[in-house]
Amino acid sequence: MKEKLSAIIDGELEGDIHAHLGRLRTDPDLRAAWDVYHLIGDTLRGHTSPAIAPRVISRLSEEPTVLAPPRARSTVTRIGRYGMYAAASMAAVAVVAWTAFPGWHTDSQLAGGGVATTAEIPAENLVVNLPASDVENYLLAHQPYSHVSAMQGVAPYVRSVAEERRAAGK
Amino acid sequence: MDFAWRAWHPVRVLPFLLPVSAAIAQTDTSALQWLQRIYAASEKLSYAGTFVYQQGQRVETSRIVHIVDSSGPGERLETLDGVPREIVRTGDEVVCYLPASMTVKIDKQPGRRPFPAILSEQLKDVSDNYTVKKGEIERVGGYNCQVVTLDPKDRMRYGHRLWADLNTGMLLRAKTFNEKDEMLEQFTFTQIKIGGNIGRDQLKPRYSRQSKDWRVEDSGAIRANLAETGWTIRSKPPGFRTVAELIRTVGGTGGVGHIVLSDGLAAISVFIEPATSKRPAPHAGLARQGAINVYTRPVGNFWVTVVGEAPAESVKYIANAVEYHK
Amino acid sequence: MDERDLDRQLVERAQRGDKHAFELLVSKYQRKLARLLARFIRDPSEVEDVAQEAFIKAYRALPSFRGDSAFYTWLYRIGINTAKNYLVAMGRRAPTATEFNSEDAEGFEDAEQLRDVNTPESVLMSKEIAHTVNNAMEQLPEELRNAITLRELEGLSYEDIATIMNCPIGTVRSRIFRAREAIAERLRPLLDTGKDKRW
């Protein structure tokens with residue numbers, strides 16, 4: 001049993017480890033082995049410190065149990081009930097891509113929103129750039145007036161967070 | 001609350017119910033009452049919890065505490081992942097701590113409606129512009145919630161779907177949808193404690209803005225009549241009207257005009273900023289993130305930027321309608 | 001399955017409400033995280049506080065961990081942010097970007113000397129643990145010592161170790177296990193001393 005644990009720790013046990021992880025919960029010997037095997041590895045590598053885990057674990061017991069919401073599949077969630085399709089006439093828009101934000105690309109939805117008119121500019125040809133921090137300032141000034149925001153307190157302020165993140169984390 | 005509100009029984013009168021006029025009889029009045037409950041709950045209730053903001057692939061977790069007691073309301077939000085960020089609101093002042101740039105932004109909000117946050121004229125605006133209906137009862141974060149849907153009556157605004165706790169009316173999830181019924185963003189509480197004893201110490205920010213290392217951006221704002229300075233909005237998208245007009249400091253630049261338009265639910269801000277040599281001139285353009293569209297255009301020696309949680313059409317419409325006459 | 005998979009599985013269990021799975025991760029990474037924080041925070045008791053804070057923040061932020069990076073990389077960033085916040089809140093200068101944005105989060109190995117901790121007991125304990133482990137290593141039969149060294153210090157897979165030591169993978173697995181058990185046996189009396197199971 002402990003030998004299997006040793007292999008699991010090294011990521012070398014084939015097959016489903018769930019049963020073993022379950023046993024780690026219930027078997028104190030096995031749990032102690034997990035702790036001491038990691039202590040050995042850390043010590044060999046020169047990572048020494050007083051144990052922090054016991055205090056964390058006792059604080060964790062007071063923490064509300066976290067449950068992750070279901071993973072987002074994509075933003076394209078079709079809700080049949082809300083059919084509000086009207087014919088669109090999209091004037092030419094210049095699409096500005098907020099750069100350097102991983103996972104945020106030029107929004108192709110903008111281009112695909114309806115009937116294109118002659119003056120439409122393809123997104124790829126555009127080089128324009130709105131300084132991220134400017135938008136953040138506007139967003140911050142804007143938030144309090146939104147009644148949508150009024151329902152959620154300061155929660156919508158997280159929208160502005162992304163801009164600062166990009167500005168700071170180059 | 002120790003008994004369940006059963007708001008779909010129209011005979012039960014909520015203490016803050018306002019008279020409902022015949023003009024909005026088409027909309028489900030009990031659904032409108034739910035909207036009132038939600039607003040009232042967000043103002044009156046103390047709560048502490050963790051929520052997730054999702055927009056596209058981006059998912060962020062934050063902790064929020066809101067306290068209402070004899071000293072007044074107070075609120076604090078702290079991001080739990082990514083760049084550290086903290087926002088503290090007390091009274092009408094919002095302080096935003098940005099440790100990454102060692103900046104503190106202070107914003108006072110004159111014109112923000114005091115409790116009760118939603119007035120009858122605003123309710124009328126909402127029912128003019130949205131079809132408000134009750135949906136199913138669904139569970140969020142361990143609570144049974146009433147789903148309330150707000151379908152836009154035209155393309156100038158987004159649709160919303162709200163989940164409110166049956167007992168307290170507390171908003172536990174909110175989704176915004178575009179004209180193609182695609183979800184643009186979502187707020188969901190993953191854990192929340194509503195009511196009960198929440199210590200005011202949880203409102204204390206980690207940071208002290210007195211420290212010399214911080215750069216403080218104080219945004220003073222005063223009410224103004226921008227028409228007197230030559231600025232007007234020639235026409236507004238259907239359903240939107242002006243609800244505030246200010247002159248303020250934004251990002252260190254003073255003398256910025258700020259007009260707020262609203263359709264009762266969504267707000268769109270118009271910023272009129274003198275072009276200064278301090279920063280590179282932005283180009284005209286549309287940008288979007290989630291439910292927010294931003295459109296900038298030059299007018300003379302000024303930059304007009306329109307920001308709002310409304311479709312690009314509305315934002316552009318307004319930006320193009322801003323005029324300056326000496 | 002590899003080690004990263006193990007972490008990912010533990011995170012997923014934690015995200016589904018299994019707190020114990022998160023505790024296993026805490027136990028695994030506590031010293032590595034403390035080591036990281038000690039680069040920026042001098043006082044060891046403060047390091048402990050900040051590390052604790054970082055783990056709790058990580059727990060609360062679990063819903064937004066999507067497995068795009070390794071768990072430790074994500075934890076590392078939370079640790080850095082927590083340390084930054086802490087220093088700023090204490091009115092100390094937040095270190096510059098170069099000091100904080102070390103890229104080699106996963107490869108970080110510190111060959112520094114044992115850092116002094118503030119209480120005599122913990123100084124003694126750290127030294128005793130290191131001493132015991134070293135002694136035990138010296139006394140191990142050579143093939144067990146080699147196996148565990150190649151695994152823990154070189155980070156090699158069982159397959160690679162089998163190639164180097166010219167033996168079957170099953171033997172590698174058994175040798176590493178026996179090495180661990182031999183060392184653990186020497187450590188257990190030390191760890192069980194007293195009611196305070198801080199180690």
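Reply: The predictor's confidence in each residue is expressed as pLDDT, on a scale from 0 to 100. Two residues are counted as in contact if their C-beta atoms, placed from the backbone, lie within 7 Å. The model is predicted, and for chain B the average pLDDT is 79, with 83% of the residues scoring at least 70. Two stretches of chain B require caution. Over residues 113–118 of chain B, pLDDT stays under 50, and the model has 10 contacts beyond four places in sequence for them. Residues 1–26 of chain B likewise stay under 50, with 30 such contacts.

The strands may be taken sheet by sheet. In chain B, an open sheet is formed by 12 strands in the order 7-8-9-10-11-1-2-3-4-5-6-12, with mixed pairing. Its edges are strand 7 (130–140) and strand 12 (215–219) of chain B, each of which pairs on one side only. On average, neighbouring strands of this sheet are turned by 15° against each other, direction ignored. Within the sheet, strand 3 (residues 72–79) and strand 4 (residues 86–90) of chain B run antiparallel and are joined by five bridges. Here Glu75(B) stands opposite Arg89(B) of strand 4.

Helix 1 (residues 29–44) of chain B lies across strands 2, 7, 8 (143–152), 9 (159–165) and 10 (171–177) of chain B, and runs at about 65° to strand 7 of chain B.

Strand 16 (residues 253–262) of chain B runs antiparallel to strand 17 of chain B, the two being joined by six bridges. Ile259(B) is set opposite Val270(B) of strand 17. The two strands form a hairpin with four residues between them, and Gly264(B) in the turn has a positive phi of about 100°. Strand 17 of chain B also pairs with strand 20 (residues 302–308) of chain B, in the antiparallel sense over seven bridges. In that pairing, Ile268(B) has Gly308(B) of strand 20 as its bridge partner.

Finally, there is the contact with chain C, to which chain B and chain C contribute 15 residues each. On the side of chain B, the elements giving two or more residues are strand 1 (47–55) and strand 2 (58–69) of chain B. Strand 2 of chain B gives the most, with four residues. By class, this side of chain B has six nonpolar, four polar and five charged residues.

How values were computed. Residues numbered from 1 in each chain as written. Chains lettered and ligands numbered in written order. Predicted model: local features only at pLDDT ≥ 70, side-chain atom pairs only at ≥ 80, totals over all residues. Nonpolar A, V, L, I, M, F, W, Y, C, P; charged D, E, K, R; others polar. Pairing = 2+ DSSP bridges. Axes fitted to C-alpha atoms, helices over the stretch in contact; angles between N-to-C directions.
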